[in-house]
Amino acid sequence: MTQTLTHEWARFTPAQRMKRYVALLAVTLVVVWALGSIDVIWEWVWDAPIQLVDLFARMVPPDPTNLPSILEATWQTINIATIATMIAVVLSLPVAYISAQNTTPNVVCLWIGRFILVSSRSVNTIIWALLFVAIFGPGIIAGIIAIMFRSIGFLGKLLGEAIEEIDPAPVEALEACGASRFKVVLYGIVPQVMPAFFAISILRWDINLRESTVLGLVGAGGIGIILQGAIDTFQWQEVSMVLLTILALVIAGEVISSALRKKLL
């Protein structure tokens with residue numbers, strides 16, 4: 001008589017399960033500690049659903065009385081995003097060039113370019129806007145420069161990575177023929193990064209369109225100014241009208257950027 005041995009399959013060994021339990025316990029303790037350190041007023045948390053329903057009731061129906069001013073501010077928002085993106089695209093090209101390891105002239109230029117990219121992306125757009133409102137005063141100029149400074153890091157980093165990923169063969173062939181550095185860039189690098197250039201620029205414009213809607217909250221122009229004013233005066237029906245306009249603007253931007261990508265790429 002033969003004895004049949006059965007083996008129960010387990011995904012993890014006992015040691016692995018113990019490690020997972022310890023990790024889960026550690027994460028739980030960290031979350032509990034974090035919640036305890038931020039001083040949450042739980043009475044407000046439990047009351048939030050009631051307040052949310054009450055707020056939405058005040059926002060219905062939207063009030064179109066101030067629609068002309070809202071549309072004018074929306075146009076300002078579009079201009080802020082578009083102008084800032086165009087300027088940032090131009091300024092990001094040399095930054096991307098010196099930030100790519102295969103095109104930078106030397107190590108010093110490489111680190112200067114990387115510093116510009118990191119410093120631009122490390123500061124949020126709202127912080128840039130606060131800074132430039134203090135320098136230039138309230139208005140769309142501060143908004144344009146804030147969006148531009150934020151965009152340079154984004155555009156320069158992605159374009160720099162696209163340059164680093166090019167096929168080196170055309171560049172080496174041009175250099176072997178004695179082509180100047182300008183012609184090497186023009187005929188060996190630019191054609192290879194052009195699709196990425198258009199894709200990144202369109203994506204950044206779409207992002208800037210969204211970010212420009214809140215610049216007015218700190219006085220940097222755009223539709224956010226009307227939104228902040230309506231909130232401060234408790235004009236909740238006008239707030240809902242502004243929010244619907246922002247939603248329509250974002251959807252329109254998504255449609256336009258998608259159409260541009262299909263046409264250009």
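Predicted model: local features only at pLDDT ≥ 70, side-chain atom pairs only at ≥ 80, totals over all residues.
Biologist: What makes Ser-240 count as buried?

Modeller: Buried means under 20% relative accessible area. Ser-240 has 7% relative accessibility, so Ser-240 counts as buried. This residue is found in helix α10, which covers residues 236-264.

Biologist: How do you know that the side chain of Ser-240 has polar contacts with backbone oxygens?

Modeller: A polar contact requires a pair of N or O atoms within 3.5 Å. A polar atom of the Ser-240 side chain lies 2.8 Å from the backbone oxygen of Met-59. The backbone oxygen of Gln-237 lies 2.6 Å from a polar atom of that side chain.

Biologist: Which residues does Ser-240 contact, leaving aside its neighbours within four places in sequence?

Modeller: Ser-240 is in contact with Met-59, Pro-61 and Pro-62. Pro-61 belongs to the loop between α2 and α3.

Biologist: Why is the peptide bond from Val-60 to Pro-61 worth a remark?

Modeller: The bond from Val-60 to Pro-61 is cis, with omega near -5 degrees. Most peptide bonds are trans.

Biologist: How do you know that helix α10 reaches close to its expected length?

Modeller: The expected span is 1.5 Å times one less than the number of residues. Helix α10 has 29 residues and reaches 42 Å from its first C-alpha to its last, close to the 42 Å expected. Its buried residues include Trp-236, Ser-240, Thr-245 and Leu-249. Among the elements that cover the buried residues of α10 are α2, α3, α8 and α9.

Biologist: Is Thr-74 buried or exposed?

Modeller: The relative accessible area of Thr-74 is 9%. The cut-off for buried is under 20%, so Thr-74 is buried. Thr-74 lies in helix α3, residues 67-99. Leaving aside neighbours within four places in sequence, Thr-74 is in contact with Ile-223, Thr-245 and Leu-249.

Biologist: Why is Cys-109 called partly exposed, whereas Cys-177 is called exposed?

Modeller: Cys-109 has a relative accessible area of 22%, so Cys-109 is partly exposed. Cys-177 has 70%, which is over 50%, so Cys-177 is exposed. The structure holds zero disulfides.

Biologist: Which elements make up the protein as a whole?

Modeller: The protein has ten helices and zero strands.

Biologist: Why is the protein called more spread out than a compact globule?

Modeller: The radius of gyration is 26 Å, whereas the globule rule gives 18 Å for 265 residues. The value is well over that of the rule, so the protein is more spread out than a compact globule. The C-alpha atoms fill a box of roughly 90 × 75 × 35 Å along the principal axes. Of the 265 residues, 33% count as buried.

Definitions and conventions
Residues numbered from 1 in each chain as written. Heavy atoms only, no water. Helix = DSSP H or I, 4+ residues; strand = E, 2+ residues; numbered from the N terminus. Buried < 20%, exposed > 50% of the residue type's maximum accessible area, 1.4 Å probe, protein only. Polar contact = N/O pair within 3.5 Å; in protein donor to acceptor, adjacent residues only side chain to side chain. Contact = heavy atoms within 4.5 Å. Rg over C-alpha atoms; globule rule 2.2 N^0.38 Å. Disulfide = S-S within 2.5 Å.
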